[in-house]
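Subject: Structure handover

Hello,

Here is the structure I said I would pass on. Please open it beside this email and follow the residue numbers as you read.

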Amino acid sequence: MKLDWLRGLGAVAGMCCLAGIAHAGTVSPGLERLLATQAPGAELRVLVALESKADVASLDQRLHLERAGLARRHRDVLELLQSTARTSQGPVLAGLEVLREAGKVEGYTPHWLINAIVVRTTAAVVPELAQLPGVERVEADLVPELIHPVSAGSGERTEREIGITPGLQAIQADRVWYELGIRGEGAIVANMDTGVRRTHEALVDRWRGNFAPASECWWDAWDNTSLPSDNNGHGSHVMGTITGLAPNDSIGVCPGALWIATNVIDSGVGTAFDNAVLAGLEWLADPDGDPTTVDEVPDVVQHSWGINEGFGYLDCDSRWWEAIDHCEAAGVVNTWSAGNEGPGGTSLRSPGDRATTATNCFSVGSVAYTAPYPISSFSSRGPSGCGGTFSMKPEVVAPGSNIYSVNVSGDTGYTTMDGTSMAGPHVAGVVGLMRSANPDLDVVTIKTILMETALPLGTVGEDNTYGWGLVNAYEAVLQSMTGYGTVSGTVTGASGQPLAGVWVQDSAGDRHDTSDELGQFSIMFLAGEVTLEAGFFGYQTGQQTLTVEAGVVHTLDFQLQLVPSAEVYGVVLDGSGQPLAGAQVSISGPGMPAFPVQTTSAGGAFSFTLPLGQQVLVSCAGSADPVSRSLGPDAHGYRAFDLSDGNTDWVELSVAADGNQLTLQGRNRAEYDWSLINPEAGGPGNALPFNAGDQSFVLDLPFPFQYYGQSFTQCTVCSNGWVALGATTSTDRQNGSIPSTGGPAAMLAPAWEDYSPEADVSGSVSHWHDVQGGRFVVEYHHIRQHSPVSAFESFQVILLDPVRHPTLSGDGAILFQYGEVTNIASTTMGIESPDETTGLQYYRATGSNGVYGDGCQPIVQGLAVLFTTGLIPQAGLDPVHDLAIDMLPTLQARLSWSPAQGALGYRVERATRQGQWETLAVTTGTSWVDGAAYGTRLYRVVTLGQD
């Protein structure tokens, strides 16, 4: 049952187009048909493909024959693709910019995975795009559809802890775990689906974003969120089958792998779909944007989507073929669910019906999970409508009926679903196991092994119902290990003690392991000479060379020597400058393992021993003592700091030969600095004309104020002790809990209570813009409570200008101050988000009782409380005013500015469509290039200083 994969490679190579022949571009027939139905001004999104092509097929074949490692393959393929796009797109981009300035093009996005540009324009302009220099053709944008499950469970399963699912047992995944000792460690699996419920118990621990940049581990095609989510449930069920593992619920084929995901396929998407498949494949091929790294690149991506005649398309639509080929040439295996349009023949969806080689695109049908594994009635069948030598489809089958996996409705729920979308992830999980056993297996070899080792179910050989048969995880992984030898050993320190956590790898960094608690490691290598390196923080790197023989276990031990070190030590102070006992001090740096957090002594002291020259970040997070700990954070990151809190401080340094002595004192200290603004007392404020109870006034803010990620230009001041961001007619006087739907949205409540602000019986409410201090102050001065009438209160709400007082998130900081406190028996104090779902409740009175948040000081005269996501220390530095913007021909903008005296660095920000500021970078230089500057963009650069 051997397959001629070289013949398949030759077919791919034969498809490669020659570059450089200049001619006018064309409009594809499908797009011409679409244009005939559109008004001239109808907005369209089209794909402009360029003539110049990277010869990836030839490179792919050469890398295969040379048995190149994954790191080299990834680098060589991506650099070829990116250089081709970089050197050929300039004239087209220049032409598009002319059209944009003329109002004919709304915007455009260049791509490199295929040499093409997505353009937003109108129907009348499309023929002009085809005439741009270097354009080969203009295609209509495609709208892929999710392959919905045939049926889904009615809800959460009542039975739990079922052990190993029968689908995993059917493909013998459990034999791989227990007999071969391979569970997927080191592999990364992915799906292009509706998203993933990150917090589900079966998935939460192995999202790669738990310890790597989230942008490398989740790409939201629609809402630009930073954490994975799933509004449908399909993608979570799929990911559960690939890698899910919970206590007594083994639902995933590859439970030791890490996962990443994108939500490109969303069943609610309509005709405005933004060619996200292409962008998603581009992200999956290189999540961190660096061709020289592979630690973040997925080994396999499962696709549960496709198109067919039912969606208005033809079989064998080829517009994604090139992108898929290039993604796979870079080392990423793609698996496809065949579709649920069975039992008739020629019913596979595109691109799973592709038949240009024996392995592309690799489609998976569905069977029952019990012998004799009958085909599921819904499973799409071959042959492919594309015809040709490789038209028999699907490639393999896997369990897809009544599959038990993650239920998106909760973090502990499970449900069953039917569909080829449930079969495909079984095969994707097997690929993860194969890459765990042999990380350098290329895509063609992996797919060939999957077909060669499948259990025949239909006629001898391949057929159009079962393909080559039921995927067999055990045999596939076993064959993946052929030709490999093993190098095992123990790593010890100078005195012979075992060292855990030591990395051991070959000199190219392609294959690696980490020593366990006994100092032991084991790595499989292809037969031949190999050089191994062993390294551990604080030790000199060891290196040894040996010749690996196939099928042989070689022993190689390392004894590592310590490098010279010194102490980083010091003291932590509280907000008043006194030593702070119980403060939490942590240390981190490049190449460092996780150091235990130190708790300061009674004298506030801490000490770490580190290698000389090591770059480190030393930070403290206040005290474990509730009195000296901030309140929060809430779900957005806001914390409340009162006068007893001295929270985060940090210092970056290089360890010196004689050590480093530090003093850390909280940077987010609340300071009481009452300055009366009441105009009747000679203050600079402007009094509001309150003349009755339950009144509100809307004021324009002197600066935009970002709060919980939203930008506000107005606020509402109410007589009843609260200020709300934005304009509202609310005058709510009944104090409630925070957060809740009671009271106004986006509420800042220094003393939420029923007051009588009439001028003849009470004081006044004033506002003032402190221009020099970058503050907006609202002051309630000697305002009388409705009951008891003998109680008078004075307090302030101060908004700090986010430009003058920048924070880690860009959200503004708020300060509450109390100049007169008489009665808080029916008061609430805190802040609440605009959607009223999160916030910080510092204090709430209920009946005769008052409840403070953890570690909160009493509300008395002289109290100050700072609400912030983390102030960045400043030295009175303003935003840069001489910002120059140079638009580059590749949709990039180069920003440059003059250095500001006293600046330690600069934060580059760009305005969003919603009027908010998003951080692009923090840099010590005086220039930055924005790589996605299409459309209108507003920038600012904020100088960062020190206390």
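Predicted model: local features only at pLDDT ≥ 70, side-chain atom pairs only at ≥ 80, totals over all residues.

Residues are numbered from 1 along each chain as its sequence is written, and side-chain values use heavy atoms, with hydrogens and water left out.

Salt bridges

A salt bridge here is a side-chain nitrogen of Lys or Arg within 4 Å of a carboxyl oxygen of Asp or Glu. Searching the whole structure gives 21 salt bridges. One of them joins the side chains of Arg-137 and Glu-139, at 2.8 Å from N to O. For accessibility, buried means under 20% relative accessible area, exposed means over 50%, and partly exposed lies in between (1.4 Å probe, protein chains only). On that scale Glu-139 is buried at 9%, and Arg-137 is partly exposed at 22%. Both residues belong to a network of salt bridges that links Lys-53, Glu-136, Arg-137, Glu-139 and Glu-322.

A second example is Arg-175 with Glu-179, where the closest N and O atoms are 2.9 Å apart. Helices and strands in this email are DSSP runs, numbered from the N terminus (helices are H or I, at least four residues; strands are E, at least two). Arg-175 and Glu-179 are 4 residues apart in helix H8 (residues 173-179), which separates them by about one helical turn. Arg-175 is partly exposed, with 29% relative accessibility.

What about a pair from distant parts of the sequence? Arg-197 and Asp-411 meet through their side chains in a salt bridge of 2.7 Å, N to O. Arg-197 sits in the loop between strand S9 (188-192) and strand S10 (218-219), and Asp-411 in the loop between strand S19 (403-406) and strand S20 (414-418), so this pair ties together parts that are 214 residues apart in sequence. Arg-197 is partly exposed at 25%, and Asp-411 is also partly exposed, at 30%.

Helix H4

Helix H4 (residues 70-88) has 19 residues. From its first C-alpha to its last it reaches 27 Å, close to the expected 27 Å; the expected span is 1.5 Å times one less than the number of residues. Its buried residues include Leu-70, Val-77, Leu-78, Leu-81 and Ala-85, and also Arg-73 and Asp-76.

Two sheets

Strands of a sheet pair through backbone hydrogen bonds, either parallel or antiparallel. Two strands count as paired if DSSP finds at least two bridges between them.

Strand S29 (residues 565-573) runs antiparallel to S32 and is joined to it by 7 bridges. Glu-567 stands opposite Thr-609 in S32.

Another open sheet has 4 strands in the order S23-S22-S25-S26, and its pairing is antiparallel. Its edges are strand S23 (512-514) and strand S26 (542-548), each with a single partner strand, so one side of each is left without a neighbour. Neighbouring strands of this sheet are turned by 20° against each other on average, direction ignored. Strand S25 (residues 528-535) and S26 run antiparallel and are joined by 7 bridges. Val-530 stands opposite Leu-546 in S26.

Leu-688

Which residues does Leu-688 touch, not counting residues up to four places away in sequence? Leu-688 touches Phe-697, Leu-699, Val-717, Val-765 and His-767, where contact means heavy atoms within 4.5 Å. Leu-688 lies in the loop between strand S37 (686-687) and strand S38 (696-707), and it is buried at 11% relative accessible area.

Cysteines

A disulfide is a pair of cysteine sulfur atoms within 2.5 Å, and the structure holds 0 of them. The sulfur of Cys-361 has its closest cysteine sulfur in Cys-386, 9.3 Å away, which is too far for a bond. Cys-361 is buried at 0% relative accessibility, and Cys-327 is buried with a relative accessible area of 0%.

Regards

Notes: Axes fitted to C-alpha atoms, helices over the stretch in contact; angles between N-to-C directions.
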